[in-house]
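Here is a colleague's note to read beside the sequence and the model.

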Amino acid sequence: MGQSVEDRSSARESQAEDARDARVPSARHLEELAQRFDRQVRFAPFGREGQANLVSSRVLVVGCGALGGVLAQTFFRAGVGELVLVDRDVVELSNLPRQVLFDEHQARAGTPKALAARETLERSGGTGKVQAHVLHLDARNLALVAEDVDLVLDGTDNLETRYLLNDFCVERGIPWVYAGVVGSAGLVLPILPGRSACLACVFPAPPPDDALATCETAGVLLPAVGAVASFAAGLGLRILARPRDEFAPELIELDTWNGSVRRLGAPRDPACRACARRELVYLYRPGGEAIALCGRNTVQVPARGTPRALAALAARLPPAAREVRLHEAMLRFAFEDCRISVFPDGRALIEGTNDVTRARALAERTLGEPA
Ligand SMILES: [Zn+2]
């Protein structure tokens, strides 16, 4: 079929217009967005500028349990452009009283938390994208999952990971919000690298293990989780919405049993290991030890050698392995009195024991040595 030069050039123009139309939201879509986010845009300090900044932001939430669930839900519902979720664990019944993104069905299926969180958020129908990673964060994989993020939110349950996040964010100049909760109380500290105290300024070294109350020894209540996570989310939203605001972060202590809030200040330490001397030691730590997880009667056995395909592992399990199930991102089975979950990164969770030596032996008997 013959086409004149004019026809071809107008066809090209209309193709280019179509492509632009696909990128530029339609008037109807803009109207829908304006309706959806009307109440937060009406809050003047946030406003249209805050919404526009949030919609174009990428936020990493490390840990999708108690704190991470509230953090992820807040940012997703508020309209963040992209949420990156990381969690190493699976959903259990004992999570349900305080981990708001999970339901009983996910607990009975032992769904990995990152996938369960994504499923719940997507079901709620937001406007942003959600990326989920089932992995134990270490210095190697953090750089991959945190690529181009504008903010990091702490939903972890351990100090090792928090110091890793701190060193990473100090190195890259990424703002992050530390949050910790136990019992009825918790702490929040927003960190603006180069502008405010970092975690190592305020807590130069982790306290000895036995000096630290954990959710395992002291328990934890949902109101404390909600309050601490909401303070962290509120300050995180402000950092994204108004990046040029004059804002002097402080360490905040909340207690939902006494109803108290205390501002504890947070001076920068001019001799800080991390943000002053730039000794970012947590970026160079191998994460190779088997560890008992906080409050879980579960041991995590790290990957050894290169990760293997889960389907191949499933085919080679010993005959005594029962209830073998192969999920999207997990192989799970029962063995003796334990339940074993293996992830694509090669890591295994052994539920039903706190004994690290026995857990390691069970992993070896069922999964064998890496080829
Ligand atoms: Zn510092």
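**Notes on the predicted model**

1. Helix α5 (residues 66-78) has 13 residues, which at 1.5 Å a residue should span 18 Å, and the end C-alpha atoms of the helix are 19 Å apart, which agrees.

2. How much of α5 is covered? Ten of the 13 residues of this helix are buried, so that α5 is described as mostly covered, buried meaning under 20% relative accessible area. The buried residues of α5 are A66, L67, G68, G69, V70, L71 and A72, together with F75, F76 and A78. After the helix comes G79, whose phi is positive, near 105°.

3. Turning to charged side chains, the structure holds 21 salt bridges. One of them joins R242 and E49, with the closest N and O atoms 3.0 Å apart. Because R242 lies in the loop between α12 (222-241) and β7 (252-255), whereas E49 belongs to helix α4 (residues 47-55), this pair ties together parts that are 193 residues apart in sequence. Both partners are partly exposed, R242 with a relative accessible area of 23% and E49 with one of 37%.

4. A salt bridge is also formed by the side chains of E253 and R262, at 2.8 Å from N to O. As for accessibility, E253 is partly exposed with a relative accessible area of 29%, and R262 also counts as partly exposed, at 47%.

5. The side chains of E336 and R365 meet in a salt bridge at 2.7 Å, N to O. This pair links distant parts of the chain, since E336 sits in the loop between β12 (331-335) and β13 (338-342) and R365 in helix α14 (residues 356-367), 29 residues apart. With relative accessible areas of 38% for E336 and 48% for R365, these two residues are partly exposed.

6. How many aromatic pairs does a search of the whole structure find? The search finds two. In one of them, the rings of Y163 and Y282 have their centres 5.1 Å apart and their planes at 20°, and therefore the pair is stacked, the cut-off for stacking being under 30 degrees. Y163 and Y282 are both buried.

7. For the chain as a whole, the secondary structure comes to 14 helices and 14 strands. Of the 371 residues of the protein, 46% count as buried. Among contacts between residues at least 6 apart in sequence, 65% join residues that are at least 24 apart. The protein exposes about 18600 Å², of which carbon and sulfur atoms supply 52%.

Methods. Residues are numbered from 1 along each chain as its sequence is written. This is a predicted model: local features need pLDDT of at least 70, side-chain atom pairs count only at pLDDT 80 or more; totals for chains, interfaces and linings use all residues. Side-chain values use heavy atoms; hydrogens and water are left out. A salt bridge is a side-chain nitrogen of Lys or Arg within 4 Å of a carboxyl oxygen of Asp or Glu. Helices (H or I, at least four residues) and strands (E, at least two) are DSSP runs, numbered from the N terminus. Buried means under 20% relative accessible area, exposed over 50%, partly exposed in between (1.4 Å probe, protein chains only). Rings of Phe, Tyr and Trp (its six-membered ring) pair if their centres lie within 6.5 Å; planes under 30 degrees apart count as stacked, over 60 as edge-to-face and the rest as tilted. The expected span of a helix is 1.5 Å times one less than its number of residues. Contact means heavy atoms within 4.5 Å. Accessible areas come from the Shrake-Rupley method with a 1.4 Å probe; for residues, only the protein chains shown count as cover.
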